[in-house]
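Good morning, and thank you for making time for this presentation. I shall go through the sheet, then the pocket, and then a few individual residues.

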Amino acid sequence: DRVVLTKPLYLKSSLDLRHEDKSISLEFAALHYANPAGNKYAYMLEGFDKDWIYTDASKRVATYSNLSAGDYIFKVKVSNSDGIWMESPTTLAIAVAPPIWASTAAYVVYALVFMLLLYLFYYAIRRYTKLKSKLAYEAILHEKERELHESKVQFFTNISHEIKTPLS
């Protein structure tokens, strides 16, 4: 239910596709009324093909499937039946948009979520460290209070022993 071409392809200089549109077929033709079957074609999708693909008038369709997100340039050139190639190829810019989960905005959201997780981890570690330090401090205070209590008990035991000794 989506219209990809709002006007004929030969009137457009670029074609914008979504990530669902991974397979495309482009048909091309050259006007040579005397001997159209003698035309030769060469095409390439810059960014996908490494070299020109040569074909004759019987197969004038370029089909590409599984295009990954990115920018491509489709180039096609033609030679007449005498073997004279045209000097500059006809081009069509093709842009395949990445899926929503691989777009720039998604990567920004991923980075923000990652930074938030790092902050939460830092906050939890910091809070845990403070709690551990506070518990260690309270344990030391408790130990000192116990030692003070034991020394008081020892002192009073010694004093009571010293008081009882002369009386006995």
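Before the details, one term: contact here means heavy atoms within 4.5 Å. What you see is a predicted model, in which local features need pLDDT of at least 70, side-chain atom pairs count only at pLDDT 80 or more, and totals for chains, interfaces and linings use all residues. Residues are numbered from 1 along each chain as its sequence is written, and side-chain values use heavy atoms, with hydrogens and water left out.

Let me begin with the sheet. Strands are DSSP runs of E with at least two residues, numbered from the N terminus. Two of them pair if DSSP finds at least two bridges between them. In general, strands of a sheet pair through backbone hydrogen bonds, either parallel or antiparallel. In this model, five strands make up an open sheet with mixed pairing, and their order is 1-7-6-3-4. Strand 1 (14–17) and strand 4 are the edge strands, each pairing on one side only. From one strand to the next the twist averages 20 degrees, where axes are lines fitted to C-alpha atoms and angles run from 0 to 180 degrees between N-to-C directions.

With strand 7 (residues 90–96) it pairs in the antiparallel sense over seven bridges. Across that pairing, Asp 71 stands opposite Ala 95, and Phe 74 stands opposite Leu 92. Strand 3, residues 40–46, also pairs with strand 6 in the antiparallel sense, over seven bridges, and there Tyr 43 faces Val 76 as its opposite residue.

How much of strand 6 is buried? Seven of its ten residues are, where buried means under 20% relative accessible area, exposed over 50%, and partly exposed in between, with a 1.4 Å probe and protein chains only.

Leaving aside neighbours within four places in sequence, Lys 75 is in contact with Ala 42, Tyr 43, Met 44, Glu 46, Trp 52, Pro 89, Thr 90 and Thr 91. The side chains of Lys 75 and Glu 46 are joined by a polar contact of 2.6 Å. A polar contact is a pair of N or O atoms within 3.5 Å; within protein, one must be able to donate a hydrogen and the other to accept it, and residues adjacent in sequence count only if both atoms are side-chain atoms.

Ile 73 is also in strand 6, but at a relative accessible area of 31% this residue is partly exposed. Outside the four places on either side in sequence, Ile 73 is in contact with Met 44, Leu 45, Glu 46, Thr 91, Leu 92 and Ala 93. Between Ile 73 and Ser 14 there are 8.8 Å, C-alpha to C-alpha, although the two are 59 residues apart in sequence.

Thr 55 counts as buried, because its relative accessibility is 15%. Its side chain reaches the backbone oxygen of Lys 59 at 2.8 Å. Not counting residues up to four places away in sequence, Thr 55 touches Phe 28, Lys 40, Tyr 41 and Tyr 43.

I turn now to strand 2. Strand 2 runs antiparallel to strand 5 (residues 61–64), with four bridges between them, and Ser 25 is placed opposite Thr 63.

Next, the pocket. Which residues lie nearest the centre of the largest pocket? Of the 17 residues that line it, they are Tyr 10, Glu 27, Phe 28, Val 76 and Thr 90. Strand 6 gives the most to this lining, with four residues.

Finally, two loop residues. Asn 39, in the loop between strand 2 and strand 3, is buried at a relative accessible area of 2%. Asn 66, in the loop between strand 5 and strand 6, is exposed at 61% relative accessibility. Most residues other than glycine have a negative phi. Asn 66, though not a glycine, has a positive phi of about 55 degrees. For the pocket just described, the terms are these: on a 1 Å grid over the protein atoms alone, a pocket is an open set of points where a 1.4 Å probe fits, with protein on both sides within 12 Å along at least five of seven lines, and lining residues have an atom within 4 Å of a point.
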